[in-house]
Amino acid sequence: MNAEKPDFIRATRTAYDTIAEPYTEQFSDWAGIPTLDRTQITGFAELVKEQSKGPVADIGSGPGHVTARLAALGVPVFGVDVSPKMVELARRAHPDLRFHVGSMTALDLPSETLGGITALYSIIHVPDDHLPTAFAEFHRVLAPGAHALIGFQYEPGGTHMHLDERFGHKISLDYWLRAPEAVVEPLVKAGFEVIVRVLREPLDEEKLSRAYLVARKPA
């Protein structure tokens, strides 16, 4: 990342570089993902394999556990994350897979080459005015007819949240917890068809509801 990147990218990168190790210790286990969420990811893998349009980019791949699971399910996949430290840890844990540093608002990928995108709990760090840019990039790099799976925490009315501490470390990290329709709208404006919407209430110790959207780039 360089000084020309937007402030939110630099802040998100710095925050996750700072907390990468404790975050990975807590959130790198596929089995720790709730069953209802694993079902969405597994179903998406089947959809991608049926189409065979190209590899999947797991954007906001973090520790790489979802990337690794997609690979185990037979999906050609690589991870992209804004945090160099997260990428380092993912490569260490999954040396047979490819991970690189990148931002969803400026993907270093050729147009119309991907068979799918997963963006799970990563758009929550993108401000409202930059979300259309991210979705335009998703649309650009996906092959015609390919799909994106987008997962995020939400509150019905939407809210902005700022954290200055996590895992005992000082950070500066912003979260935009949008209502599902506030994500659907810019997806449609970017040229997608939203074909699946799955909403669920918080489970166990969770405090926020979850949404999964499958968006299709028209053929």
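Analyst: The second largest pocket is lined by E21, T24, S28, W30, P63, H65, A68, R69, L89, A93 and H94. The model is predicted, so local features need pLDDT of at least 70 and side-chain atom pairs pLDDT 80 or more, whereas totals for chains, interfaces and linings use all residues. Residues are numbered from 1 along each chain as its sequence is written, and side-chain values use heavy atoms, without hydrogens or water.

A pocket here is an open set of points on a 1 Å grid over the protein atoms alone where a 1.4 Å probe fits, with protein on both sides within 12 Å along at least five of seven lines; lining residues have an atom within 4 Å of a point.

The greatest share comes from α3, with three residues. By class, the lining has five nonpolar residues (Ala, Val, Leu, Ile, Met, Phe, Trp, Tyr, Cys, Pro), two charged (Asp, Glu, Lys, Arg) and four polar (the others, Gly among them).

The axes of α1 (residues 7-27) and α4 (residues 84-93) come within 7 Å and cross at roughly 30° (lines fitted to C-alpha atoms over the stretch in contact; angles from 0 to 180 degrees between N-to-C directions). The two helices are therefore roughly parallel (under 35 degrees). In their contact (heavy atoms within 4.5 Å), R13, Y16, D17, A20, E21, Y23 and T24 of α1 meet P84, K85, M86 and L89 of α4. These residues divide into six nonpolar, one polar and four charged. E21, T24 and L89 take part in this contact, and E21, T24 and L89 also line the pocket.

Helix α1 contributes to the largest pocket as well, giving the most to that lining, with seven residues. The largest pocket has a volume of about 1,400 Å³ and is lined by 50 residues, of which Y23, F27, Y121, Q153 and R166 lie nearest its centre. Elements that give two or more residues to this lining include α2 (35-51) and α3 (65-72). Its lining comprises 26 nonpolar, 14 polar and 10 charged residues. Y23, listed there among the residues nearest the centre, is also one of the α1 residues that meet α4.

Definitions and conventions
Helices (H or I, at least four residues) and strands (E, at least two) are DSSP runs, numbered from the N terminus. Angles under 35 degrees count as roughly parallel, over 145 as roughly antiparallel, 65 to 115 as roughly perpendicular and the rest as oblique. Grid points are joined across faces, edges and corners, and a volume is the space filled by probe spheres set on the points.
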